[in-house]
Amino acid sequence: MSEEYFIGIDLGTTYSSISVCINGVTQVIEIGSIFRVPSCISFLDYKKRQVKIGFSALNGNGSFVCNIKKLLGRQFSSFSKGEIKSFPFEIISDEDDEIQVKVPFYKTIPDDISNTKVVIVETFDTFYPEELLALVLNYLCKAAMSRLHLTDLNEVVIAVPVMFGDVEREALYRCASLCNIKVKKLVNESVVALMCYSNRFQSQISDKSKVCVIEMGGGKFDISLCVTINKTIQVLANGGDKHFGGDDFTQVVSKLIIDLIRNVSSDVADKLSNIHIENKEHWTATKSKFWYLSQQVKESLSANDMVEVYISDISDEYIKDNEDFSVIITKQMYEGCEDFKTLISHFKKCIFQVIKPQSVKLVDHVLLIGGGAKNRILRQCVETLFGKQKVSEESFDELNAVVNGAALYNFKMCSGIDNDVMLDVLPVYLGFCVNSNKFDCFAEAGKNLPIVTEKVYKTTYDGQTQATFEIYSGTQKSYFVDDMDFVTKVTLKGFPKKKSGDISFRISIEVDNSARIKVYGEVVGDETEEKILLETKLQIEEKDKKVEMMKEHMRKYLM
């Protein structure tokens, strides 16, 4: 009997990886001598659509695109100027307020004057976040097929942040469809990481143990409070911040480096602060390198007391008086600055939103995963809050817990024990916008998935033939939608023309185990009563048209 391969994928903000489970044993697949691929992309040779992924993108001569996952599901208008400025590439909006990334294609040409080769921008192209993430996903899957000697992959399981809503999850499904990858299920990262941990350290997780899973990734922060009952993982509460993560700490490092450089050269510091931009294409490349350098310094400070940064590592053009110079950033500077302390305070606040201070002592184990597990102060903070003896040992592979857990979950799903493995809860409040801006909640945070519920409304004016609803979500329940995140808009059509208030219609909402939303509507008490999926034909055609447009655009890139 041939072996079956069950694939799990972690599409991370900073790093991505792919794992295989064979006979219940997981193994991260090695890709070019590494197990975690930087989620970065660079573009060369527009005619050939040449794309580089991972370290080859980081070590190129031009700019690269990174942090793509942070763009999924968001509208351009939802970003502040500060957020847009923080990305080391150019973000633009399409006609529907959806985000696109404008990327330069570089080529190397000979320079007759200097008798050397120079790198210039050949042209530009624009990509939706799903298209860019599809390039990373395609790279992982092709590498896995090559490594495992397969011509195709069976359905994969992709791990997603707990705080990912319906829009982000749908975007990931579109991403997979662009590279013809079949997704069996999207599962929450923190829960599959716990599954991986309990599978390896069975003696440490006893029955009815309460486990707090804390994951600090590059672009988000997730917390799940779980209980294990007869090998079933039941989620009691979810929380976190999908706009807070390791990149915030990277920005602290960037700011410190600029402050130290300012003591040597205010001109260089001003350029790095985005004050003077004479050549936008060159600046994009420099900003990409500076982000990567700051990321490396942050990771080095986890293990070292100090790091020396040479200005030539950012750009040779910044060398003062034709001489390279360096600055030294210490762990004490980094961990002692006010910006760092503010992030730690927010870290604690997020934990206490899920687990009240008086309930901390009831937690039996704490599983610390993701890149944040390498941050000394974050680990000390967790150990202080819960007790050092409760926190997972550093010997546990916290960086690969998610991807191995996703592969293990895929294996268990196919073993027919899916419903006995994991019982999850809704991480956010969901509701409609009514009466201009009021939030009418239809699903409470912390409610067990799946959820089926309904709301009944009446027409508000004479002759009304349709109703449009906007769905909002939030980690905190609010009276107004101004404090919530927009999810999507749905429309119910086909009301018979009658006076205001004479027509009642029922809205039925289904939230499945993957936290994906389906909304149905029906007119109540009318002879034409009919249940309709709340998406007009026009909306469906527009979505399909956009996906087909993406597929056509990506055809040459995904060959």
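**Strands, cores and cavities in a predicted model**

Thr453 lies in strand 21, which covers residues 451-458; helices (H or I, at least four residues) and strands (E, at least two) are taken here as DSSP runs, numbered from the N terminus. The structure is a predicted model, in which local features need pLDDT of at least 70 and side-chain atom pairs count only at pLDDT 80 or more, while totals for chains, interfaces and linings use all residues. Residues are numbered from 1 along each chain as its sequence is written, and side-chain values use heavy atoms, with hydrogens and water left out.

When residues up to four places away in sequence are not counted, Thr453 touches Phe442, Ile507, Ser508 and Ile509, a contact being defined as heavy atoms within 4.5 Å. The C-alpha atom of Thr453 is separated by 7.6 Å from that of Ala443, and these two residues are ten residues apart along the chain. In the loop between strand 20 (438-443) and strand 21 stands Pro450, which is joined to Leu449 by a cis peptide bond with omega of about 0°. Most residues other than glycine have a negative phi, and most peptide bonds are trans.

The secondary structure of the protein as a whole comes to 14 helices and 26 strands. Of its 559 residues, 53% count as buried, where buried means under 20% relative accessible area, exposed means over 50%, and partly exposed lies in between (1.4 Å probe, protein chains only). Among the contacts with a separation of 6 or more, 65% are accounted for by residues 24 or more positions apart.

Two residues other than glycine have a positive phi. Asn67, with phi near 55°, is placed in the loop between helix 1 (55-58) and helix 2 (81-86), and Asn67 counts as buried because its relative accessibility is 3%. Lys208, with a phi of about 70°, is found in the loop between helix 5 (189-200) and strand 12 (209-216); Lys208 is exposed, because its relative accessible area is 59%. Thr232 belongs to strand 14 (residues 232-241) and is buried, with a relative accessible area of 15%.

Two further loop residues were examined in the model. Leu153 is in the loop between helix 3 and strand 10 (156-160) and is buried, with a relative accessible area of 9%. Leaving aside neighbours within four places in sequence, Leu153 is in contact with Ile7, Cys141 and Met145, and its C-alpha atom is separated by 7.7 Å from that of Ile181, 28 residues apart along the chain. Lys361 lies in the loop between helix 10 (338-354) and strand 17 (365-369), and at 67% relative accessibility Lys361 counts as exposed. From C-alpha to C-alpha, Lys361 and Phe386 are 6.8 Å apart in space, although they are 25 residues apart in sequence.

In soluble globular proteins, nonpolar side chains tend to be buried together. A nonpolar core is defined as a set of buried Ala, Val, Leu, Ile, Met, Phe, Trp, Tyr and Cys residues joined through side-chain atoms within 4.5 Å. The largest such core has 63 residues, and those with the most contacts inside it are Ile9, Ile18, Phe43, Leu132, Leu135 and Leu137. Helix 3 (residues 129-148) gives the largest share of this core, twelve residues. Without counting residues up to four places away in sequence, Leu132 touches Ile41, Phe43, Val65, Ile68, Val101 and Phe127. A second, separate core of 51 residues includes Val268, Val327, Val360 and Ala373.

On a 1 Å grid over the protein atoms alone, a cavity is a set of points where a 1.4 Å probe fits but cannot get out, and lining residues have an atom within 4 Å of a point. Grid points are joined across faces, edges and corners, and a volume is the space filled by probe spheres set on the points. By this rule there are five cavities of 30 Å³ or more, and the largest cavity has a volume of about 80 Å³. This largest cavity is lined by 14 residues, of which Gly165, Asp166, Val428, Leu430 and Ala515 are the closest to its centre. The lining divides into ten nonpolar, two polar and two charged residues, where Ala, Val, Leu, Ile, Met, Phe, Trp, Tyr, Cys and Pro count as nonpolar, Asp, Glu, Lys and Arg as charged, and the others, Gly among them, as polar. Because domain 1 (6-183) and domain 2 (425-544) both give residues to the lining, the largest cavity lies between them; the domain bounds come from an automatic or database domain assignment.

How values were computed:
On a 1 Å grid over the protein atoms alone, a cavity is a set of points where a 1.4 Å probe fits but cannot get out, and a pocket is an open set with protein on both sides within 12 Å along at least five of seven lines; lining residues have an atom within 4 Å of a point.
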